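Here's a friendly walk through a two-chain model. Have a look at the sequence and the structure first, then read on.

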Amino acid sequence: MRLAALLGLCLLAAATPAAASDECLACHGQQGLTKTFAGGETLSLHVDGAAFARSVHAPVGCAACHAQIDLKTHPAKTREFTTPRAYAIAAVEACRGCHEPIYDAWLGSMHGKARDKASGLQGPICADCHQPHAVTRASVGTRLKDTCLTCHASAPEAHAAWLPNSKRHLAVVACAACHAPEAKRKVDLRFYDASGKSEVAGGYGELQPGQPLDEKSLWALMQGASGKVRLVGRIEVASADQAHAMADSGQALKECTTCHRKGAEAFQNVTVSVVGPDGKRVHYEAQKEVLSAPTSVDSVRGFYAIGGTRVGALDVLLLLVLVGGMAAPFFHFVLRRLLRPKAPNGKDLH
Amino acid sequence: MAKIYINPLPVRIWHWVNALGFVVLILTGLNIRYADVVALVSFATAVRVHNAVGFILIANYLVWLGFYLFTDKITVYHPELDARKYFRDSLRQMLYYGYGIFRGEPNPHHATAYRKFNALQSLTYQIVMILLVPIQFYTGVLLWDLERFRGSIELFGGVRVVATVHVLLFIFFTGFIFVHAYLASLSTKPFAHFKAMITGYEEVDEKT
């Protein structure tokens, strides 16, 4: 019932969100606008209009989340919340209105559970990780990992203590890929410049939605880029709600062969993605073979997981060398024994 | 039978450390690349051992390099600059391994302390020791810490290219171990070359 009501509110807000937002931003777009809570803490009420316009929330407008505000009585004289934190916790319900599955996953996660602990520990809520007025898709950039590190600052050192190539793991594996162990993982390939440092928005051919990219198409696409761009892969969680089901660190995946083995689940689902001019990431499906075909050595130069994305042709070559390396000496030895010259007395000459 | 001192102590130490190390690298390499098939130890242990042994072998390589650079024994790795002689000797050696050895003919190459490799061995070891082993070490170090060596990896063409070169050489060295061990048994006595690599002295036919 509540979901239906909030959904309706979202749709209502979406009818004329831009105009409504402009009305709000007339005041809230100004620097210095603040609110002082009963507890004495101050909250900035300034909203960066440009950042909000680029955010994923821009289409639904202000009222979708701030439904409790009545413009006739705004700003209200009464102080419903004593601290900014209490206000932010209550605002989680607004997020829940549109993101119910994510809310449920978060509630069951170590983050959600931490909020309810009698110890008084305040677990992170939506606004702690997602800037509500500038929220972009989590898959854009490395902002989300950086957000994790703001609280888990010792994570790089903790990983370095046991994880080989820990810096690379932290760079290309989303935190949730291991810390939400039940989540389904996938590989997202992205176009970077030749130095592998910066993601690029062009320089490659046209990607067409529809049929999943096969290894030949991807190879042809990269050939067209003439080495100016490189595909770099990331291991991510396949859905946003699963990405919020963070488990206690003791339950996080630590078994290397979860990914470092042939047929690992993470490499069964592959996308190629680009960031469009509007800042939104667009995903195109690709066949899983793009990671293990011989052409991948050239077309997917910037992504490799030992064992997990190994090229089958090299396995065949190793097998041939192993068999040949043992068979050639064996047959040479047998021939030597069969053809060895004998002395007149029947004994071997050597 | 006469004895010649063919394998000085540094060479013998280098050789056996290298042999043992390469076997460990191949086994742990199989464990790492084929964790779904080969599980001698855990993946993480295999990686740690592979990395540690890799660095030991790099240091060991420097022992080999230092010995040959600073002694007159470097002649064993000198290439034969007379192309006609080189091809004639190579052909003769191939005919021996492919035909003469079955008829009990003597090895056409007579090892000395300064020319212990036959024409085929000479070229093979020049390529292996001066080109392939250093490339394998270099790619291994790059793969050991991908972020630290990000620039070099990108110059190489990307992590996948580095890894593929490392795997191709791993395949080559795996085959090489078998053939090398067998060829080492082709002497007047099956273990003569093995003994020579332990004692340093090789028995040679005085008639030759």
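## A pair in the sheet

V275(A) sits across from R281(A), a residue of β6(A). This is a predicted model, where local features need pLDDT of at least 70, side-chain atom pairs count only at pLDDT 80 or more, and totals for chains, interfaces and linings use all residues. Residues are numbered from 1 along each chain as its sequence is written, while chains are lettered from A and ligands numbered from 1 in the order in which they are written.

Strand β5 of chain A covers residues 270-275 and runs antiparallel to β6(A), with 6 bridges between the two. Strands pair here if DSSP finds at least two bridges between them. Helices (H or I, at least four residues) and strands (E, at least two) are DSSP runs, numbered from the N terminus.

## The whole sheet

Zoom out and you get an open sheet of 4 strands in chain A, ordered β4-β3-β5-β6, with mixed pairing. At its edges are β4 (229-237) and β6 (281-286) of chain A, each pairing on one side only. From one strand to the next, the twist averages 30°; the axes behind such angles are lines fitted to C-alpha atoms (for helices, over the stretch in contact), and angles run from 0 to 180 degrees between N-to-C directions.

## Chain A and its cores

Chain A has 15 helices and 6 strands. Of its 350 residues, 26% are buried. Buried means that 20 or more other C-beta atoms lie within 10 Å of a residue's own; exposed means 12 or fewer, partly exposed is in between, and the C-beta atoms are placed from the backbone.

The largest nonpolar core holds 56 residues, and A176(A), L189(A), I235(A) and V290(A) touch the most other members. Such a core is a set of buried Ala, Val, Leu, Ile, Met, Phe, Trp, Tyr and Cys residues joined through C-beta atoms within 7 Å. Its largest share, 7 residues, comes from α6(B). There's also a second, separate core of 6 residues, with V60(A), A63(A), C65(A) and A94(A) among them.

Who does L189(A) touch, leaving aside its neighbours within four places in sequence? The list is L231(A), G233(A), V270(A), V272(A), A286(A), V300(A) and F303(A). In contact means that the C-beta atoms, placed from the backbone, lie within 7 Å.

## Where the chains meet

In all, 32 residues of chain B are in contact with 40 residues of chain A. On chain B's side, α1 (9-33), α2 (43-69), α5 (150-156) and α6 (159-184) each give two or more residues, and α6(B) gives the most, with 12 residues.

That side of chain B splits into 17 nonpolar, 7 polar and 8 charged residues. Ala, Val, Leu, Ile, Met, Phe, Trp, Tyr, Cys and Pro count as nonpolar, Asp, Glu, Lys and Arg as charged, and the others, Gly among them, as polar. The predictor gives the complex an ipTM of 0.91 and a pTM of 0.85.

Chain B has 7 helices and 2 strands, in the pattern β-α-α-α-α-α-α-α-β along the sequence. Its mean pLDDT (the predictor's confidence in each residue, from 0 to 100) is 92, and 98% of its residues reach 70 or more.

Why is Y125(B) classed as partly exposed? Because 14 other C-beta atoms lie within 10 Å of Y125(B). Y77(B) is 48 residues away from Y125(B) in sequence, yet their C-alpha atoms are 7.6 Å apart in space.

Terms used: Contact = placed C-beta atoms within 7 Å.
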